[in-house]
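Good morning, colleagues. Please take a moment to look at the sequence and the structure on the screen, and I will then take you through selected parts of the fold.

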Amino acid sequence: AVAPARVGIKASLLKLRNCKLPKNFEYVKQLGSEGKDGMTLLAKNNADGKHYAVKIFRPKKSMRQIQKEYDFLKAAAIAGLAPKVIDLGVLNENNKCFIMEALDKTLKELIKEQGGSLTKNQRDQIVKLYEGLTEIGILHNDDNVLRNIMCRVRDNKLFLIDFGMSR
């Protein structure tokens, strides 16, 4: 039997999955696993043909919290530390989202693909990500680096994601 709290979470995730995406976007697939604040989908923008990551928040997350996360993500993106941010939007009265550049794989997937190690360049990039955050005054505050660092394969560039716990 599923615990009552888990049933509520599953019902909430079903509502997120059925959430209408922003205009011109169509669902491709879910990215990663659902988090406590929502889920991220890969979506195609029919206007430009490109793929984007769409992070959809659960209704319980306030617009103030979402705006704060968006502002941290945008500041990090401007500094080259996070993927490019496209938009912050309201999908319906319950769900908000933001749209960002889609990346290709997590640090965990990258390490596994490379036989359990990182190159010197990749290790240096990770150090520079956190040094860069310090320079712009952001504390990421989430220690799950295997999930919160992603790679853009075309140029082997690493980025930080998920600024929900940042200060």
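Leaving aside its neighbours within four places in sequence, which residues is Lys96 in contact with? Before I answer, please note that this is a predicted model. The contacts of Lys96, with those neighbours set aside, are Lys55, Ile56, Phe57, Met63, Ile66, Gly89, Val90 and Leu91. Lys96 itself belongs to strand E5, which covers residues 96–101. Is this lysine buried or exposed? With a relative accessible area of 15%, Lys96 is buried, because the cut-off for a buried residue is under 20%.

Let me turn to the sheet. Five strands form an open sheet in the order E1-E2-E3-E5-E4, and their pairing is antiparallel. The edges are taken by strand E1 (25–31) and strand E4 (85–90); each has a single partner strand, so one side of each lacks a neighbour in the sheet. From one strand to the next, the twist averages 30 degrees.

Val85 stands opposite Met100 in E5, and a hairpin of five residues joins E4 to E5.

I now come to helix H2. This helix has 16 residues and spans 22 Å from its first C-alpha to its last, close to the 22 Å expected at 1.5 Å a residue. Which residues of H2 are buried? They are Ile66, Glu69, Tyr70, Phe72, Leu73, Ala76 and Ala77. Viewed down the axis of H2, these buried residues fall within an arc of 160 degrees, so they line one face of the helix. In general terms, an α-helix has 3.6 residues a turn, so residues three or four places apart point the same way. The face of H2 turned away from the buried side carries the exposed residues Arg64 and Ile78.

What covers the buried residues of H2? The cover includes E3, E4 and E5, together with helix H4 (120–135). After H2 comes Gly80, which has a positive phi, near 80 degrees.

Thank you for your attention.

How values were computed: Residues numbered from 1 in each chain as written. Predicted model: local features only at pLDDT ≥ 70, side-chain atom pairs only at ≥ 80, totals over all residues. Heavy atoms only, no water. Helix = DSSP H or I, 4+ residues; strand = E, 2+ residues; numbered from the N terminus. Buried < 20%, exposed > 50% of the residue type's maximum accessible area, 1.4 Å probe, protein only. Contact = heavy atoms within 4.5 Å. Pairing = 2+ DSSP bridges. Axes fitted to C-alpha atoms, helices over the stretch in contact; angles between N-to-C directions. Expected span 1.5 Å × (residues − 1). Arc of directions from axis to C-beta.
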